[in-house]
Amino acid sequence: MTASPASPGPEPPRRRGRRPAGEDRRGDILAAAREEFARRGFDGATLRGIARAAGVDARLVHHYFEGKDAVFTAAFELPVRPQDVVGPVLAPGPDGIGERLVRLFLTVWDSPPGRQRIVALLSASLTSEAGARMLREFLTREVFARIVTTLRADDPELRASLAASQMMGLVVARYVVAVEPLASLAPDDVVELVGPTLQAYLTGPLRPAR
C-alpha cells in the first residue's frame with residue numbers, strides 16, 4: 001500500500017510594502033497622486049506624501065516626474081503642462097497678455113481631448129469642495145501666480161485669484177453649462193471680449209483711486 005502524497009501546506013502570506021525597484025510603478029504613483037490631491041488639495045499634497053501613499057521611494061517619483069505640477073498634469077490627464085506654455089505667452093511682454101492667455105486656453109479647451117478632460121475636472125469641482133480647492137489652487141499657483149510674479153505686478157495674490165476665477169467661470173459657462181450664445185461664440189470673439197478683462201486683472205489698477 002503506497003502512502004498518499006502529503007497535501008501541500010497553506011501558501012505563505014504575500015509580503016506587502018514596496019515592490020522590486022525595477023518594477024514600473026508609474027501607475028501606482030498616479031493613482032496615489034489623485035487621492036492625495038483630492039484629499040489635501042494641490043497646495044497641501046507633497047511629492048513625499050504621494051510617494052508614501054504609493055509605497056515607493058520619493059526618488060522614484062522624481063524619476064518619473066519633474067515636479068508636483070507634472071504629477072498633477074499626468075494624474076488628471078491634462079492636455080498641457082502649464083510650465084511648458086506660460087513662457088511663450090509671457091515672452092512678448094505684458095501688452096496683450098490677456099488676449100494671448102484666453103487664446104491659449106481656448107486652443108486647449110476646444111480640442112476634443114482638452115474639452116473632455118477639463119469638463120470632467122470642472123464637473124467634479126462643482127460637486128466637491130475638495131475638488132474645487134484642488135483645481136483652484138492649481139490654476140492660481142501654477143498658472144497665474146507664475147505670470148504675475150514674472151510681471152512683477154502689485155497685489156500678486158489678488159491678481160492671480162481674480163484671473164483664475166475669470167477663466168474658471170469661462171470654462172464652466174462655455175463648456176460645462178453651455179450658456180448661449182457664449183457656448184457657440186467663435187474663439188476669436190471670445191478672445192476679443194474676455195481678453196481685456198483678463199488683461200485688467202493682470203496688469204491694470206485693482207483698487208479705486210481715493
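In the predicted model, Phe-72 and Phe-138 are both buried. The centres of the two rings are 4.1 Å apart and the planes meet at 20°, so the pair counts as stacked; the limit for a stacked pair is an angle under 30 degrees. Phe-72 belongs to helix α4 and Phe-138 to helix α8, which spans residues 129-151.

A search of the whole structure returns 11 aromatic pairs. Another of them joins Phe-37 and Phe-76, with 6.4 Å from centre to centre and 50° between the planes, an arrangement classed as tilted. Phe-37 is part of helix α1 (residues 26-44), whereas Phe-76 is in the loop between α4 (68-75) and α5 (82-90), so this pair ties together parts 39 residues apart in sequence. Phe-37 and Phe-76 are likewise buried.

The residues of these two pairs belong to one aromatic cluster, made up of Phe-37, Phe-42, Phe-72, Phe-76 and Phe-138. A charged side chain is also found at Phe-42: Lys-68 lies over the face of this ring, at 4.6 Å from the ring centre.

Two packed helices are described by the distance between their axes and by the angle the axes make. For α1 and α4, the axes come within 9 Å and cross at roughly 105°. The two helices are therefore roughly perpendicular, a class that covers angles from 65 to 115 degrees. On the side of α1, the contact is made by Arg-26, Leu-30, Ala-33, Arg-34, Phe-37, Phe-42 and Asp-43. On the side of α4, Lys-68, Asp-69, Val-71, Phe-72, Ala-74 and Ala-75 take part.

At the level of the whole protein chain, 10 helices and 0 strands are found. Read from the N terminus, the order of elements is α-α-α-α-α-α-α-α-α-α. The protein chain has 210 residues, of which 39% count as buried. Among contacts between residues at least 6 apart in sequence, 69% join residues at least 24 apart. The accessible surface of the protein chain comes to about 12400 Å², and 54% of this area belongs to carbon and sulfur atoms.

Conventions
Residues are numbered from 1 along each chain as its sequence is written. This is a predicted model: local features need pLDDT of at least 70, side-chain atom pairs count only at pLDDT 80 or more; totals for chains, interfaces and linings use all residues. Side-chain values use heavy atoms; hydrogens and water are left out. Helices (H or I, at least four residues) and strands (E, at least two) are DSSP runs, numbered from the N terminus. Buried means under 20% relative accessible area, exposed over 50%, partly exposed in between (1.4 Å probe, protein chains only). Contact means heavy atoms within 4.5 Å. Accessible areas come from the Shrake-Rupley method with a 1.4 Å probe; for residues, only the protein chains shown count as cover. Rings of Phe, Tyr and Trp (its six-membered ring) pair if their centres lie within 6.5 Å; planes under 30 degrees apart count as stacked, over 60 as edge-to-face and the rest as tilted. A charge sits over a ring if NZ of Lys or CZ of Arg is within 6 Å of the ring centre and within 35 degrees of the ring normal. Axes are lines fitted to C-alpha atoms, for helices over the stretch in contact, and angles run from 0 to 180 degrees between N-to-C directions. Angles under 35 degrees count as roughly parallel, over 145 as roughly antiparallel, 65 to 115 as roughly perpendicular and the rest as oblique.
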